[in-house]
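Subject: Handing over a structure

Dear colleague,

I am passing on the structure below, and I would be grateful if you could look through it before reading my notes. The notes come after it.

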Amino acid sequence: MKLANFNAVAELIKERDYLQGLLVRIGAELKITLKSPMLSTQDVRPDLVARMLPEMKAIVDQGIAVVDEKLAVLGVYSDKEAA
């Protein structure tokens with residue numbers, strides 16, 4: 001990795017960490033809620049969410065793969081290299 005790419009790599013690592021955390025949360029929670037000052041926390045159609053979860057996970061996985069590809073272009077191929 002070139003020193004000139006340091007900021008770009010740092011931002012990509014933040015994005016990948018966020019996406020990985022999102023993937024963990026999606027796997028841990030089986031419901032999606034809406035929060036607003038007017039409403040108490042309302043569950044969004046659990047039956048629909050259950051059907052959407054596999055596709056949501058696949059989309060987040062794709063996002064992680066895209067970030068990994070961008071990191072590879074910048075010369076970072078592993079977490080150890082990025083640190």
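This is a predicted model: local features need pLDDT of at least 70, side-chain atom pairs count only at pLDDT 80 or more; totals for chains, interfaces and linings use all residues.

Residues are numbered from 1 along each chain as its sequence is written, and side-chain values use heavy atoms, with hydrogens and water left out.

The protein chain has three helices and two strands (DSSP runs, with H or I over at least four residues for helices and E over at least two for strands, numbered from the N terminus), and from the N terminus on these elements follow the order α-β-β-α-α. Of its 83 residues, 18% count as buried, where buried means under 20% relative accessible area, exposed over 50% and partly exposed in between, with a 1.4 Å probe and protein chains only. The chain exposes about 6,300 Å², of which carbon and sulfur atoms supply 61%, by the Shrake-Rupley method with a 1.4 Å probe.

The axes of helix 1 and helix 2 (residues 46-73) come within 9 Å and cross at roughly 160 degrees, the axes being lines fitted to C-alpha atoms over the stretch in contact, with angles from 0 to 180 degrees between N-to-C directions. The two helices are therefore roughly antiparallel to each other, a term for angles over 145 degrees. Among the residues that make this contact are Leu12, Arg16 and Leu19 of helix 1 and Val60, Val67 and Leu71 of helix 2, contact meaning heavy atoms within 4.5 Å.

Leu12 and Leu71 illustrate this pairing from either side. Leu12 lies in helix 1 and counts as buried because its relative accessibility is 10%, whereas Leu71, in helix 2, is buried with a relative accessible area of 1%. These two residues are 59 residues apart in sequence, yet 7.0 Å apart in space, C-alpha to C-alpha. Leaving aside neighbours within four places in sequence, Leu71 is in contact with Val9, Leu12, Ile13, Arg16 and Val76, while Leu12 touches Val67, Lys70, Leu71 and Leu74.

Terms used:
Angles under 35 degrees count as roughly parallel, over 145 as roughly antiparallel, 65 to 115 as roughly perpendicular and the rest as oblique.
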